[in-house]
Amino acid sequence: MDGPAGLPPPPDVAAGLAPADSAARAAGGRGERPVFLPSSIDPTVFDEGFLRQLERLKVLMRAPVRGGLKGGRRSVKRGQSVEFADFRDYALGDDLRQLDWNVLARLEKLFIKLYVEEEDVTIHFLIDASASMGSGTPSKLLFAQRAAAALGYIGLASEDRVAITSLGGRAGRRQVALRGSGRVFRLLSALSGIGTADGPTDLMAAARHAGAQLSGRGVIVLLSDLLDPNADRVIRELAATGSELIILHVLSPQELDPPMEGDLRLVDVETGDGIDVTVDLATLDGYKARLEAWRQAFADLAARRRATYVPLSTDVPLSDLMFAELRRRQVVG
Amino acid sequence: MSFISPLALLGLVFVPAVVAMYLLKLRRDEAVVPSTLLWQRLVADVEANAPWQRLRRSFLLLLQLLLVLLLAALAARPFLERPAGLAQDLVLVIDTSASMAATDVVPDRLTVAKAAALDVLRDLPAGGVVSVVAAGRTARVVVNSTGDMGRVRAAVQGLAVQAVSGDLGDALNLADALAARSGDAEILVATDAALAVAPTSRLQHKVKVLAVGRDRRNQAIVALAVRQAASGVTRSVFVSVANLDIQAAQRRLQVYGDGVLLEARDLTLDAQTRADAIIDDIPAAVQVVEVRLDRSGPAADNLALDDRAWAVVPPQRLRRILLVAEGDPYLETALTYLPNTELYGVKPAVYGPTTHPELFDLVIFEGTLPAVLPAGPILAIAPKASSVLGDVLGTIKDPAIGSLDPEEPVLRYVDLSTTHVGTAIKMVLPAWARAIIPGPSGAPLLYAGDLAGRRAGVLAFEPRLSDLPLQVAFPILVSNLAGELMGGSAAPTAAIEPGSPVALPLPSNATSLTVTKPDGANVQLAPGTPGSSSVSFSQTDQLGVYTATATFPEATPSPVALPTGTTRPTASPAASAAPSPAASSPPVPTAPPADPNAPARFAVDLFDAAESNIAPGSPVAIEALGGGPGAGAGPGSPGPSAGAGSPAVASPSPTAAAGAATAERPKARDELWIPIVLLVLLVLMAEWLVYQRDAVLRLWRAFRARLAGSRGA
């Protein structure tokens with residue numbers, strides 16, 4: 001899973017790595033050489049100050065979930081935390097350390113005190129790696145990688161499990177789930193190993209494949225341009241898994257406001273299909289209206305499915321995304 | 001509608017060419033996009049609106065097809081026919097006299113007349129020819145019988161006002177002669193009919209008049225002269241201003257000496273009257289006097305040409321006085337004080353025909369009178385006997401001086417309050433004279449007047465028999481009296497009439513003469529025959545002062561000697577005039593010894609009250625001179641409207657046209673290229689807008705956004 005970990009970093013990487021490296025040491029990491037190459041990601045994004053700011057955040061969930069290991073999130077189970085939850089009658093075999101002695105003294109009845117259990121959850125990042133994600137300046141895939149890296153670091157820092165799955169072709173390739181902030185470099189490595197798929201991508205099939213690999217309820221973060229005829233069905237099926245679904249709809253500025261004019265033949269980068277269009281101002285106005293309606297349909301669908309839909313442009317700075325846009329939409333807090 | 005060049009409609013073959021170009025498959029540039037998902041939906045929408053979209057896309061094609069049609073039509077030269085309002089041969093007479101410069105119509109009468117004449121030319125039948133005659137001081141054919149309307153337009157536009165008195169009759173006669181070459185001819189006159197000389201001769205052809213002008217408000221300088229003042233020392237300017245309006249006017253008169261304002265005076269001019277003004281004490285150094293009627297303010301009239309006039313101050317000339325007396329030192333001394341004067345003396349016994357009194361500007365007889373008086377000015381002092389100068393009744397002792405007229409020019413600056421006369425001749429004031437110094441009981445002591453065309457004066461007492469010579473008043477009185485009798489320095493240089501030739505004296509040895517016109521242009525004149533003493537200059541069409549400078553051969557020094565055959569008078573006139581009654585014969589004076597090589601100046605002034613009268617006359621009177629068939633056939637087309645200030649065809653019955661002559665004429669053609677060219681421009685503009693609609697829309701949106709931004713701020 002380490003992928004290209006053994007490759008030497010390019011010369012310009014070494015300087016950019018210093019903050020991340022020190023952050024790794026501070027996090028008690030094993031001193032692995034990072035492979036999430038800052039040559040393709042702004043190195044200042046992940047400096048120590050930015051990481052400290054990210055550590056203050058947490059991926060929010062609407063409801064307690066049943067998790068796996070002991071973690072930092074409230075679970076629906078009763079457990080060993082310090083937060084009181086309820087009473088129940090004593091039963092044989094109960095731990096006498098949980099007996100409420102004060103109640104016993106006043107009422108001469110045996111009650112056991114119940115405490116909130118704190119467990120971890122798994123944050124699944126589903127990154128659309130279709131060929132269309134490679135377009136745009138900066139590319140949509142790179143933007144998705146950076147957003148996933150930042151959100152993944154938040155998850156690792158808050159003792160959640162983080163799993164990365166790339167959706168390309170007709171399958172979802174899942175990386176191993178990571179836990180603990182010391183695994184941040186493996187997270188970055190896994191992200192940097194994602195590249196755009198050759199040929200067309202069946203987002204529906206890939207998402208369905210990735211959904212089948214999910215274990216238990218958690219948080220699914222879908223980072224995609226949703227440029228697929230079945231994108232709405234993808235959203236429906238992911239929302240039906242019981243996990244909380246967060247959709248980061250990534251589009252490039254060139255898609256939001258196409259800089260083209262005249263008589264053109266538009267060629268689909270995935271399918272190679274062409275379409276003849278005479279682009280003028282009226283056409284562009286129609287395109288923008290169509291785009292807006294398309295995004296609004298996703299927003300409506302997400303609202304109906306209790307999912308969170310965040311439309312994004314790749315020219316949004318990562319700090320604005322993390323500390324403004326996602327906080328405003330209560331994805332992190 | 002017909003076409004002059006119908007073959008040009010072959011240009012319509014380009015219509016299928018344009019269509020073919022549109023039918024060719026459009027080659028599109030390829031652009032790789034992440035997905036065509038959204039574009040497919042958009043194209044689906046576009047195809048749903050296919051009819052309208054197709055129409056919109058083919059709009060450029062429609063415009064280009066329309067452009068081809070219009071250009072082919074333009075090349076074919078379509079025209080509309082209508083009845084011609086003018087004869088086949090048209091002689092256009094345009095009045096260019098001074099009154100056509102009047103600005104009662106904007107910008108001036110000539111410009112309006114030219115525009116009206118060119119406008120009427122649209123009624124010329126196809127194949128018609130035009131001759132243009134300019135009616136200035138003399139008639140001039142500008143264009144002779146041409147069908148080239150561009151040449152006619154250029155010739156008419158090139159006409160300018162001549163500051164002359166026009167002679168329309170001459171132009172009409174010339175036009176009639178030109179029209180006689182053709183069977184179907186008429187004369188069209190563009191004039192204000194404000195004619196200095198009304199034409200009277202009958203014409204063979206029909207005459208139509210384009211009348212311009214509507215106002216007669218004008219004041220003009222009609223006379224200007226510079227004369228020596230009575231004192232003989234200073235000079236006065238005499239100006240006569242005529243108000244040709246039918247309302248009183250208030251104008252400011254400005255007098256300039258060599259370009260420097262000397263005096264300004266407000267004149268009140270009653271309607272149809274003249275007002276004279278005399279400006280005294282013009283400085284001696286002034287060579288050119290200019291008089292202007294101030295045109296600033298609302299008082300300005302409609303004609304500027306006659307509001308300025310120039311006069312050249314004649315050069316000082318030596319004047320000769322002959323004193324016939326036994327000897328009077330007081331009088332001789334006083335006479336020697338006169339400037340520019342040579343005094344000669346002769347005894348009465350010697351005086352006779354050999355004395356040549358006709359060569360003197362003034363002959364003074366003291367105590368005597370010859371039987372035959374000279375023809376020139378005379379001053380008789382104490383005549384002993386009666387003569388035509390006055391009857392002698394005897395003598396009077398200690399005559400008292402009567403009441404003096406303070407306005408008397410001869411007594412200007414003369415104080416006689418302490419003067420006593422011992423003995424005087426008792427004279428009777430003759431009818432031709434006015435009393436200057438009245439004496440007791442109607443016997444004048446000094447009188448002067450105009451005796452049968454000759455200035456004459458009589459002083460009734462000998463100066464030595466009074467205490468007058470001992471007083472300051474005496475030399476002043478002698479000076480004033482001499483000036484009065486000699487009539488100033490010289491006759492004023494007469495102004496030249498504009499356009500008239502002037503003979504300029506050519507100094508001996510001079511090879512040529514350079515005349516500088518008022519606008520600074522130089523004209524070189526050479527004598528027609530060697531040894532000629534004068535050259536003729538005829539380019540006096542501008543008002544103002546002309547300067548003629550002689551040119552001498554470079555090898556020859558500028559001659560200062562007098563012309564051959566003349567002798568300079570005695571170097572010191574005073575010395576020669578010293579009491580020399582013993583002289584047997586007076587020296588014979590010669591011609592004026594003015595420097596013959598000095599530049600000669602002369603002024604050209606309008607000075608024509610008739611031409612300055614800009615009241616529009618009656619065009620009917622001019623039309624009545626015309627004859628020929630079909631009189632009254634006016635332009636049947638939209639001619640110039642008869643509004644105020646705009647020219648009106650004064651034909652009495654323009655619709656009575658359609659005579660036999662008119663019916664035989666080819667019809668007038670109106671080519672339609674102007675609306676077609678406008679349509680082409682419109683189509684081009686529309687095509688550009690359609691093609692650039694996105695850029696225009698973006699500009700508009702950016703402007704709206706900026707506007708909204710500024711409002712928000």
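**Chain A–chain B contact and strand pairing in chain B**

The contact draws on 29 residues from chain A and 21 residues from chain B. The model is a predicted one. On the side of chain B that touches chain A, the elements giving two or more residues are strand E2 (29-33), helix H2 (37-48) and helix H15 (693-712) of chain B.

**The contact**

- H2(B) supplies the largest share of the side of chain B that touches chain A, with 8 residues.
- By residue class, the side of chain B that touches chain A holds 11 nonpolar, 7 charged and 3 polar residues.
- E2(B) pairs in the parallel sense with strand E9 (residues 262-268) of chain A, over 5 bridges.
- Opposite Val33(B) in E2(B) stands Asp268(A).

**The four-strand sheet of chain B**

- Chain B has an open sheet of 4 strands in the order E12-E11-E14-E15, with antiparallel pairing.
- Strand E12 (260-269) and strand E15 (308-312) of chain B are the edge strands, each pairing on one side only.
- From one strand to the next, the twist averages 20°.
- Within this sheet, strand E11 (residues 249-257) and strand E14 (residues 288-293) of chain B form an antiparallel pair over 5 bridges.
- Val255(B) has Val291(B) in E14(B) as its bridge partner.

**The E22–E23 pair of chain B**

- Strand E22 (residues 433-437) of chain B is largely enclosed by the rest of the structure, because 4 of its 5 residues are buried.
- E22(B) pairs in the antiparallel sense with strand E23 (residues 446-451) of chain B, over 4 bridges.
- The bridge partner of Ala433(B) in E23(B) is Gly449(B).

How values were computed. Residues numbered from 1 in each chain as written. Chains lettered and ligands numbered in written order. Predicted model: local features only at pLDDT ≥ 70, side-chain atom pairs only at ≥ 80, totals over all residues. Contact = placed C-beta atoms within 7 Å. Nonpolar A, V, L, I, M, F, W, Y, C, P; charged D, E, K, R; others polar. Pairing = 2+ DSSP bridges. Buried ≥ 20, exposed ≤ 12 C-beta atoms within 10 Å, placed from the backbone. Axes fitted to C-alpha atoms, helices over the stretch in contact; angles between N-to-C directions.
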